[in-house]
Structures are given as structure tokens and as C-alpha cells.
Amino acid sequence: MCAAACTGQIGEKGDLPPGATRPGELTAVEPLARRLTREEYGHTIADVVGLTLDADALGVLPADRPIEGFANIASGQTVLPDHVRGYASLARTVVASPEFAAFRERLVDCADTSAECARATTEALGGRLFRRPIDERERALYGGLFDTVADEYADDPIAHEAAANAVAEAMLQSPGFLYLLEDELDGEGTRELSGHELATRLSYALWASAPDEALLEAAANGALDDPEGLAAEVDRMLADPRVDRVRERFVRDWARLESLPDDDGLEGELIASAIAFYRDHLAEGGALFELFDARSAVLTPALAEGYGLEPVGDGLRTYDLTDVEGRAGLLAQPGIVAGMTNADGGEIVARGLFLQRQVFCGSPPDPPASLQDAIDEFVAEQPEDASERDIAETRLMRSECGACHSQFDPLAYGFERFDFRGRFRDSDDHGNELRVDGWIPATYDEGGVEVGYGDFDAYVALLADHPRVQRCFVQRHAEQALGATLERGQLSAAAELADRLGPSGGHEDLMRLLVLSELFRLRAIPEDD
Amino acid sequence: MARRPTHSRRLFLRGAGSVAIALPFLSELARPRSARGQMGPVPERFVTCFFGLGLDPSWQNDFDGPLEPYQPFADKMACFSVNMEQGSEGGAHCNTSTITFVGEHQQSVNVAGGPSLDQRIRRALDPAAPTLVSGLWWRRGACDAQALRVFNPDGSARPPVKRPSEVFDRVFGSVMPDPDPVDPSDPDLEAERRRRRIQRSVLDAVMEDYRHYGSDRSPLGRDSKLKMEQHLASIREIELQLAPADDIIDMGDGGGATSCAIGDRPSDPAIADYDRFTYGTGDAAPAIAWQDVERVFHLHADLYALALRCDLVRYGNLMFESAGGHMNLSGTYSAMGGSTDFPGTSQHDSYFHDNQPHHARLYQHLAQSNLAYFLERLDDPAFPDANGMTVLDNATVLIGTEYGWNHSKQNVFHAVLGGGGRFRPGFHTDRTMNCVDLYNAILQGYELPATVGSATGVASEGDASVLLA
């Protein structure tokens with residue numbers, strides 16, 4: 001595969017390198033209404049109602065397929081009739097459960113169909129399911145539904161239960177529950193989020209779930225408007241084990257682990273090991289950027305064998321790689337390697353494109369259609385026993401290909417000793433000895449200098465200290481936390497966070513910096529509305 | 001205990017701040033579907049039909065070559081050869097996929113620059129009208145866009161329903177006899193009816209909430225409001241599945257009409273690895289007998305025609321094959337005085353890379369033959385619309401493809417049929433024009449603003465007013 005005129009690359013709208021900015025640009029985001037992902041839906045029901053929906057139950061919802069970026073980024077989300085059918089089915093399942101009955105009884109302290117109880121029931125359910133107090137319109141809408149259902153049962157003792165359940169069933173399918181909504185028209189330029197808006201952003205960023213009662217209370221009593229009160233809530237949330245959910249979510253989505261093919265029955269182990277490495281390193285206080293060259297791996301026996309290591313026990317185990325060459329860091333975890341190789345176009349191209357997009361935050365253009373014949377011709381003329389590296393270097397020499405491939409192919413050279421499932425090897429299927437020297441192209445260096453590396457360990461050490469890699473990693477974390485793609489002035493805000501985090505900062509430090517920053521706490525108002 | 005006055009469901013709806021909003025009344029939706037097309041005015045319908053790969057310009061001028069199957073419709077068909085825009089993202093076939101039937105520059109490889117023409121018209125005439133996107137989606141895996149033909153106003157796609165059985169469930173499931181029917185002699189009959197009334201009230205509340213967030217009173221910006229509208233549209237597509245009628249629907253013949261006799265749920269043809277036909281770039285295309293392809297497509301065409309006839313669908317797309325022509329057909333196919341055993345590779349590869357247009361010519365005859373089958377179903381005089389005309393006469397059908405010959409963005413075949421007298425039929429034109437010129441002429445036929453191309457600056461290259469009656 002090759003590509004010609006390298007248009008649409010780094011530097012265009014939405015694709016400034018991390019840290020770059022244009023004068024006068026807002027640093028706040030303006031997230032669209034975003035739908036809960038399937039995972040967030042499950043966590044929300046579990047945390048709010050107390051009902052755990054297993055994978056089969058949640059399977060009535062279509063899988064979340066990120067179109068661009070993470071699955072929770074609103075601009076890439078669509079809604080189909082299958083979503084609607086799934087939400088209706090799940091709402092009925094939830095409301096019919098004993099856990100919901102207990103939740104309702106805990107929340108509502110009346111059980112009749114009087115106007116007072118109808119109002120209390122509607123407000124209590126709405127306040128919890130919509131993550132904020134309901135307004136007059138909603139009070140009329142859902143109060144009307146309560147009355148209608150109550151009338152169906154007249155003086156039947158179950159009238160209140162039936163009416164409350166119908167209200168909850170409707171709310172669980174409504175925009176206020178399924179979407180994270182903010183007032184998008186209030187004010188001009190940027191504004192502070194309301195307490196409840198901020199509480200919702202916080203909980204979905206830090207827990208992938210709804211605010212708990214304490215956070216809602218902090219939103220209601222104004223504690224989140226006060227810097228000390230906000231910081232205290234953030235500390236409380238970061239100490240909660242639910243933070244592990246967003247750690248797992250990040251590495252899974254960032255590395256595209258969900259789309260690993262089922263080739264050899266190992267995809268579950270590949271995913272679990274990659275997640276465990278990232279999560280455990282950070283949960284144990286490891287620095288964020290140290291992930292790139294940490295000298296350990298979390299492996300199952302099968303993965304350890306593929307890694308050239310003697311298995312030390314069943315299940316996932318941490319392996320010390322201090323004295324093992326060529327396999328350090330997050331990017332070398334077998335699941336991550338498999339994820340970055342899972343695309344068309346050969347290992348070097350697939351990996352290079354992944355590294356360019358996810359590690360350096362570049363945006364590779366697709367090959368121009370006019371080159372399709374040239375691409376086919378190029379592929380056909382390569383010797384069958386040529387190594388990937390030889391093919392790649394030949395490609396770089398061709399002017400119509402090299403312009404773009406020079407920006408991402410060399411990023412992948414260091415990974416040549418990993419096969420498509422992350423197994424370590426010294427030679428390829430044709431017996432070619434594999435080289436791992438390469439370079440980071442000058443385009444990623446602020447001073448415009450190409451930086452070479454001699455082996456994999458040197459490469460990942462470079463990555464761990466590389467300002468662009470650090471800023472990109474923070475940018476990707478911020479995008480998932482906000483459910484929005486960062487662009488323009490927001491990139492400089494993310495870069496500043498990376499600089500402030502520094503080499504010793506951990507995940508908790510990053511999330512604290514992020515959620516207390518203006519990037520997170522402010523909302524931009526669309527200009528054209 | 002202070003009780004308030006009793007509210008019926010309808011009173012509740014009126015009292016919930018929805019006075020000015022036209023609700024899709026259950027009685028309207030629950031009326032026997034067979035009667036809707038017979039008793040009311042003829043509905044507006046607009047369907048696009050797609051085939052992949054494109055036609056050589058020399059094949060587009062008459063009905064002797066690959067267009068031969070359209071000969072019976074020669075006096076109903078207006079044929080154009082338009083220039084297509086080519087996006088910068090996605091390789092060949094991907095970068096024109098999001099522009100075909102759209103006429104705006106792509107946002108990204110799988111996101112169009114605006115709505116497809118069917119959705120543009122639907123949104124202007126009847127935003128609640130149901131859409132169906134179905135057909136053969138098999139493709140090589142360079143991009144999803146190859147199999148996407150219908151786009152929402154924000155450019156997001158409505159993916160195709162893949163299997164005939166899924167189409168049947170989606171479209172007809174709501175009006176088929178209840179799998180757990182209400183027995184009039186059942187002592188719990190009233191309880192069942194009450195359950196259905198409550199279900200309906202729940203859905204009414206949900207829909208009203210989405211309606212609010214999509215309205216002028218919404219606190220949301222334009223793009224977020226659009227998401228709410230799309231959610232509401234998705235609810236409406238399966239509304240009766242979510243909340244069955246509280247009365248038993250009589251699926252009789254609608255007063256003697258036979259237009260909408262729904263048969264049994266079809267079985268999907270037993271084709272090995274049915275779901276494997278989306279495969280990776282560079283992989284060999286799995287072989288499939290052309291007769292099997294035709295069997296599946298005919299089922300899709302039958303169901304689509306029935307859905308239009310029954311007025312259960314009004315807008316959407318029926319696709320013979322994804323962009324790119326990547327099916328690897330087997331079997332002997334004969335037409336136009338020649339025959340082929342097909343080359344053992346995908347049509348795309350034999351057509352473009354092995355320079356074997358003989359196979360491609362026969363392959364395209366097969367494609368047009370299948371689309372002509374669909375036109376025949378729509379043109380069946382035994383199932384007239386309320387005005388006595390056929391569905392094909394009243395509905396608009398736009399046939400098109402993504403390329404001209406050999407990845408050229410010029411001479412891209414399009415044809416317009418039907419339209420209820422809006423369009424002049426029965427001609428070929430060799431006028432130079434862009435696809436936006438044709439799409440805008442179609443909008444003008446509907447007395448809608450000719451705004452295709454304006455959102456992303458696609459320039460006019462000619463005049464398609466010859467289409468207008």
C-alpha cells in the first residue's frame with residue numbers, strides 16, 4: 001500500500017499537534033448530546049438501581065462502534081431502531097426486577113395515587129434517573145403518565161406501584177436518562193457548568209456511570225461551585241474503585257481491543273492482559289508516561305510462551321522484564337500489538353497508522369483513489385519472500401508513496417519482532433532476520449529533527465520522554481473523559497495538562513488536573529444557534 | 001387522599017403540553033394496513049436503487065447492452081450520465097460512496113456531507129414517514145461506506161438491513177397477527193388491553209420528550225437537536241412493535257383490495273458463510289453462484305415492493321451490490337448473445353485489473369436484470385394505488401452507481417422513473433452535468449429548494465431541467 005500527495009495531515013482543522021494553538025481560540029469544548037454507551041448504561045443501572053445486567057442482557061443493544069475516536073464521542077454516535085428496541089426491552093427488564101422495587105421503595109416514601117404522592121414519586125424517580133431535579137414540563141409530562149396509569153387501576157392496591165413503574169419505564173427510554181444533556185444555548189462564548197451538569201460530567205469521566213447520591217447532594221447544595229468543595233468531591237471519587245472502569249475503558253478503546261479477531265481463541269487473554277497491564281500499573285501508583293517503557297508484562301501462560309518467557313503460573317501473572325530485551329512497555333503488550341496490527345495493508349502500515357494516530361495524534365490521509373492501480377502494481381511486483389521492512393523501504397523510495405508513508409512507516413519499524421498476535425520472534429516466515437532500528441520522523445519533533453533508535457528498548461524509552469507522545473496521550477484521555485474530540489484551542493489546554501502532569505504524575509493526578517481544569521469545567525456555546 | 005379528575009390517555013396527551021403537535025394517533029397507525037393505500041390519498045414515496053462498479057459510457061445509450069432488462073420500462077425511464085464528485089478520504093469506491101445520491105462532499109470516509117436525496121425529501125414532506133434500507137451489502141472491507149446508501153441530515157448513515165428475514169420482521173412484524181393474540185373469550189382480555197394501553201401511554205410520554213428536545217423550545221443546539229429528531233424517527237419506525245394496538249388489528253383485505261396480502265415470513269436462502277461476504281482488502285473474494293445472489297435479491301425486492309405497496313415504507317434504498325463490485329460470481333450466465341462463466345475473481349478485479357470487460361458487461365446485465373425485477377414488482381397492474389396507477393408510476397425511483405468506467409468520476413449512470421407526473425419520462429440525454437444538477441432537478445420536481453451541493457460547495461456543471469415535465 002502506498003499513498004501520494006500527503007494532504008489533510010497534521011496542522012489542519014481538528015488535527016493540530018498536541019500543544020499547538022491558534023490565537024483567540026476557546027479552550028472549552030461544546031459537547032453534543034451524547035448517548036450512554038452500552039457499558040455506561042450497564043454501570044448506570046447497576047449503580048443507581050442496584051441491578052447488574054450481564055453481557056447477555058445488555059446484548060439487546062447494538063455494539064458501540066466508534067466511527068471516529070472513542071465510542072462515547074457524541075459526534076460519532078448514531079441511533080438505530082435496534083437501539084430503541086433494546087432500550088425499551090431493558091427498561092421493562094429493569095422495572096420488573098426486585099432490585100428496582102427495592103430502589104423505588106427506598107426512594108419514595110408514599111404509596112398512594114394522591115396528587116402529592118404522584119408529584120413526590122415523579123420528582124424522586126426523575127431526580128435520580130435524570131441526574132438532576134426535573135422541571136415543570138417534565139413534571140407535567142411524567143405526572144400525567146402517572147395519573148393515566150393510576151386511573152387504569154382505580155382503587156387497586158397496586159395502583160401506585162404500576163404508575164411509578166410506568167413512569168420509570170418511560171424515563172429509562174427518555175433523553176434525560178439515555179443522553180448526557182447540557183443547556184447548549186445559555187449565554188455566549190463560554191460558561192461555567194451548573195452543579196448538576198458538572199456532577200454528570202464528573203461521574204461519567206471518573207466512573208463511567210451516574211453520579212451517586214453524595215455527588216448529587218454536592219451539586220444541589222452548591223459545594224461543586226466552590227473550588228475546595230469540588231476538589232474534595234473529586235478526591236472522594238478518585239478514591240472509589242469505580243475509577244478502574246475508566247482505566248479499563250481507556251486502554252480497551254484506545255487500543256481497539258474490542259475488534260480483535262477470533263483467530264486462535266486467545267483474543268480474550270490478549271484483551272485481559274493488556275487491560276491488566278495498564279490498569280494495574282496505574283492503580284499501583286505508576287507514572288502515566290512510564291507506561292511506555294515499564295519493564296514488565298502481564299501475561300497468561302499461553303501469552304508468556306509466545307513472548308519467549310517461561311510461564312510462572314496459571315492465570316494472569318506479572319512478569320519482570322528488567323533483564324529481558326526488546327519487550328518493554330505498554331505498546332509491547334501482546335494485546336496492544338495485536339490490536340495495532342489488526343487492519344488491512346500489512347503489519348508495518350497498520351502499526352504505523354495506529355502509532356501515528358493514537359501515540360502521536362496525527363491524522364493519516366487515505367490513499368488517493370487515483371493511485372489504486374499503482375498500489376496494486378507495487379504489491380504485485382514485490383518478491384514473495386521479501387521482508388516487511390524491505391518492502392517498506394522500497395515503498396519509501398517511490399515518490400508517490402514516500403510522501404505519506406515516511407510519516408508513519410518508520411514509527412512501526414521497532415515492532416518488527418512481534419508478529420500479528422504479539423508473539424516475539426527473531427525472523428519472519430520467510431526466514432528473514434528482523435531489524436528493529438528506525439527513527440521518529442522530524443515532523444513530530446518541535447525542532448524538526450529526526451530522532452533515530454537502534455533497538456526496541458531505546459525506542460520505547462524515547463517515546464516515554466517524547467513531549468508529543470506525552471501530550472497526545474493526555475489528549476486522548478481528555479477526549480474520552482469529555483466524550484468529545486479536542487480541536488483548536490482545546491489542544492493547547494490538553495498540552496498544558498501534560499506539561500503540568502510531568503514525568504512522575506499518575507493516572508489519578510491526570511484525572512484530577514483534568515476535571516479541575518477549565519477545559520473540563522467550562523462549556524462553549526455554539527455560535528450558530 | 002386527594003384524587004384528581006380522571007384522565008384518559010388522550011386527555012393526558014393533550015394535557016402534557018403537546019397541544020400544537022401532531023401526534024401519530026394510534027388509530028391511524030393501527031388501521032388495517034391493507035386499507036391505507038386504498039382509502040387515503042396516494043402517499044409520497046422516493047426510493048433509490050444502487051448497483052456497484054459503474055457502466056461503460058457506450059453501454060448507457062440504448063437498451064441493447066447491459067441496460068437491456070430495462071427495455072419494458074423504456075418509456076418510463078429518463079437516463080442520465082452525470083459527473084460524480086470524488087472525496088479525498090477512502091480509496092477507490094469509498095470516496096464516491098458517500099456522495100452518490102447525496103451530492104455533497106464527504107465529511108470523512110463513512111460520513112456524508114449531508115442527507116441522501118430520499119431523506120432530504122422525506123424530511124421536507126413527511127419526517128415521520130418510515131424508511132427501509134436493504135439489499136445485498138456484500139463488499140470488500142476497505143470501508144463501511146461501500147455499503148451505505150442512505151444518510152441522515154448530519155451525514156451519519158442508516159445501514160442496510162441485511163437478511164430478508166430481518167426485513168420482514170422490521171417492516172411487517174408490527175402488523176402481523178400478534179404471536180400471543182388476545183382471545184376475546186379470555187377472562188383476562190381486559191387486563192391485556194389495559195397492559196397495551198399503558199404501554200402505549202409510556203411510549204407516548206417518551207416520544208413527547210424527544211419531540212420537545214428536538215423542537216424550537218429545546219435547550220439544545222442544532223446538532224444535538226438533530227440527534228433527538230433521529231432518535232424519535234427511529235422510535236417511529238418500530239412504534240407498533242414497541243406498543244401494540246390496544247384493539248385487535250383486523251388484518252383483513254382492506255375492503256376487498258388484494259394489494260397488501262402479507263405472506264409468511266421468508267426463510268433466508270441457505271448460503272454457506274452468508275455473513276462472511278464482507279472480507280478484507282487483499283483477501284480473495286468468496287465465490288457465490290449468481291443464481292444464489294439472484295435468489296436473495298429477489299426476496300429483498302419482493303419484500304421492498306410489498307412494503308411500498310402496503311404503505312409501510314415510503315423512503316430508502318434497495319441495493320443490488322455494494323460499491324466496488326466485489327462479488328466473486330460462479331456459474332454460467334448468458335445474455336445479449338454471449339455468455340460467461342465469470343472469471344473466478346471479483347467483478348472489480350476482472351473488470352479493472354485484468355481488463356476483461358466482457359465479464360463486466362454480462363455482470364452488469366445481471367445487475368440491471370435484478371433491478372428490473374424490482375421495477376416489475378412495482379409496476380404490477382394487479383396492485384394499483386388508490387388512483388389506479390401502479391406504485392412505479394406514483395413513486396419516484398432513482399437508479400444509480402458510484403463510478404463511470406474504470407474508476408472514472410465521469411459518465412456515472414443514473415436513471416429516474418415514476419414520480420407521479422413530475423418528471424418527463426422516456427429519454428436518454430448526453431448533456432454534461434454534475435450529479436448535483438440531477439439531484440436538484442429532482443428536488444425542483446417536488447417544488448423543494450434546489451440546495452444539493454450548497455452545504456459543501458459542489459459546483460453545478462450543467463442543467464438537468466430536461467427531466468422536469
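Predicted model: local features only at pLDDT ≥ 70, side-chain atom pairs only at ≥ 80, totals over all residues.

Reader: ok, how many helices and strands are in chain A?

Author: Chain A has 24 helices and eight strands. Helices (H or I, at least four residues) and strands (E, at least two) are DSSP runs, numbered from the N terminus.

Reader: And how much of chain A is buried?

Author: Of its 529 residues, 52% count as buried. A residue is buried if 20 or more other C-beta atoms lie within 10 Å of its own, exposed if 12 or fewer, and partly exposed in between, with C-beta atoms placed from the backbone.

Reader: What share of the chain A contacts is between residues 24 or more positions apart?

Author: Among contacts with a separation of 6 or more, such pairs account for 70% in chain A. Two residues are in contact if their C-beta atoms, placed from the backbone, lie within 7 Å.

Reader: Let's take one helix. What about H16(A), buried or exposed?

Author: H16(A) is largely enclosed by the rest of the structure, because 12 of its 13 residues are buried. Among them are Glu347(A), Arg351(A), Phe354(A) and Val359(A).

Reader: What covers those buried residues of H16(A)?

Author: The cover includes helices H12 (243–254), H15 (334–341), H18 (388–397), H19 (399–413), H20 (456–465) and H21 (467–482) of chain A.

Reader: How far does H16(A) reach, and what comes just after?

Author: Helix H16 covers residues 347–359 and reaches 17 Å from its first C-alpha to its last, close to the 18 Å expected at 1.5 Å a residue. The expected span is 1.5 Å times one less than the number of residues. Just after H16(A), Cys361(A) has a positive phi of about 55°.

Reader: At what angle do H3(A) and H7(A) pack?

Author: Helices H3 (residues 81–95) and H7 (residues 159–171) of chain A pack at about 145°, with their axes 9 Å apart. Axes are lines fitted to C-alpha atoms, for helices over the stretch in contact, and angles run from 0 to 180 degrees between N-to-C directions. Ala91(A), Arg92(A) and Val95(A) in H3(A) meet Asn165(A), Ala168(A) and Glu169(A) in H7(A).

Reader: Which residues touch the most others in the largest nonpolar core?

Author: In that core of 163 residues, they are Leu145(A), Val167(A), Met171(A), Ala274(A) and Ala494(A). Another core, of 100 residues, lies apart from it and includes Met84(B) and Val436(B). A nonpolar core is a set of buried Ala, Val, Leu, Ile, Met, Phe, Trp, Tyr and Cys residues joined through C-beta atoms within 7 Å.

Reader: Over to chain B. What's in there?

Author: Chain B has 14 helices and 13 strands, and 56% of its 469 residues are buried.

Reader: What is the strand order in the open sheet?

Author: The seven strands run E3-E7-E1-E11-E12-E2-E13 (chain B), with mixed pairing. Strands E3 (131–135) and E13 (427–428) are the edges, each pairing on one side only. Two strands pair if DSSP finds at least two bridges between them.

Reader: How does E2(B) pair with E12(B)?

Author: They pair in the antiparallel sense over six bridges, and Met77(B) has Leu417(B) in E12(B) as its bridge partner. With E13(B), strand E2 (residues 77–82) of chain B pairs in the parallel sense over two bridges. Cys79(B) stands opposite His428(B) in E13(B).

Reader: And why is E12(B) called largely enclosed?

Author: Seven of the seven residues of E12(B), residues 412–418, are buried, so the strand is largely enclosed by the rest of the structure.

Definitions and conventions
Residues numbered from 1 in each chain as written. Chains lettered and ligands numbered in written order.
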